[in-house]
Amino acid sequence: MYKEKRISIAVIRRLPRYYRYLGDLLDNGITRISSKELSVRMNITASQIRQDLNNFGKFGQQGYGYNVESLYEEIRTILGLGKPHDIVIVGAGKIGQAIVNYKHFERRGFKFVKIFDKNEAIVGNKINGTSIDHISNLRAYIDEHKIDFLALTVPYEACDEVMELIKGSSIRGIWNFSPVDLELPDGMIVENVHLTDSLMTLSYKLNEDSILGEYGPKK
């Protein structure tokens, strides 16, 4: 059903949050929940929850609510988490290390199988059990193992080199922590994680009242 129409990015960005809350409910032995009860927990209106989920099908029953396990599994499928995803990381700096050391990714089906870097001094080392290889071996590894996810944590000046190496490969999704908007070949999708943008957005929110007072409508 939902493949016949485009789902708004705002809805898509809420799906992982639904998945997380439903997982917490399951861990606490809760088997069913109404949209109203879920709205209180998530601080989202019940009507918004129903609208979001109705994009993908009819999951709840009037008078019963949602079967927590069933809805959890449905969202898991929608998010593409029904099978594990092997991911390579390019860049063994602090961000790359932090990603590999974060323990909850594998629980969600994301496994970091190899790290690549051009610093020969660290090639052969391991971070949380994941070995570091030289960047020159990146393309051969991707082709051999049919990798479709890549996490990019390199500086601005290294991005073009990496994109050239993976052009025409099996990579379909890039999780981009680099401070650049990538030019993607056809068939590739990027999810940008610009940390400074996030911090500046937070700064705006803290400063919002004074900004609106200065630039808002004048009486």
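Predicted model: local features only at pLDDT ≥ 70, side-chain atom pairs only at ≥ 80, totals over all residues.
## Around H134

Leaving aside residues up to four places away in sequence, H134 touches F116, D117, K118, E120 and V123. You'll find H134 itself in strand 6, which covers residues 130-134.

Is H134 buried or exposed? Its relative accessible area is 19%, and buried means under 20%, so H134 counts as buried. There's also a polar contact to look for: the side chains of H134 and S136 are joined at 2.9 Å.

## Helix 8 and its two sides

Next up is helix 8, residues 159-166. Its buried residues are C159, V162, M163 and I166. Around the axis they cover an arc of only 95 degrees, so they sit on the same side of helix 8.

What covers the buried residues of helix 8? The cover includes strand 3 (85-90), helix 7, strand 7 (149-152) and strand 8 (173-176). Just past the end of helix 8, G168 takes a positive phi of about 80 degrees.

## Helix 7 meets helix 8

Helix 7 spans residues 138-145, and its axis comes within 9 Å of the axis of helix 8. The two cross at roughly 35 degrees, and the crossing is right-handed. On the helix 7 side, the contact is made by L138, R139 and I142, while helix 8 brings V162, L165 and I166. Sorted by class, this contact has 5 nonpolar residues, no polar ones and 1 charged.

## Helix 1 meets helix 4

Now for another helix pair. Helix 1 and helix 4 have axes that come within 9 Å and cross at roughly 145 degrees. This crossing is left-handed. Helix 1 contributes L15, Y18, Y19, L22, G23, L25 and L26 to the contact, and helix 4 contributes V68, E69, L71, Y72, I75, R76 and I78. Those residues divide into 11 nonpolar, 1 polar and 2 charged.

## Helix 3 and its buried face

Last stop: helix 3, residues 46-54, where A46, I49, D52 and L53 are buried. Why do they line one face of the helix? Looking down the axis of helix 3, you see its buried residues fall within an arc of 125 degrees, so they share one face.

Those buried residues pack against helix 1 (9-27) and helix 4 (68-78), along with helix 2 (35-42) and strand 2 (66-67).

Definitions and conventions: Residues numbered from 1 in each chain as written. Heavy atoms only, no water. Buried < 20%, exposed > 50% of the residue type's maximum accessible area, 1.4 Å probe, protein only. Helix = DSSP H or I, 4+ residues; strand = E, 2+ residues; numbered from the N terminus. Arc of directions from axis to C-beta. Contact = heavy atoms within 4.5 Å. Axes fitted to C-alpha atoms, helices over the stretch in contact; angles between N-to-C directions. Left-handed = near helix turned anticlockwise from the far one by under 90°. Nonpolar A, V, L, I, M, F, W, Y, C, P; charged D, E, K, R; others polar. Polar contact = N/O pair within 3.5 Å; in protein donor to acceptor, adjacent residues only side chain to side chain.
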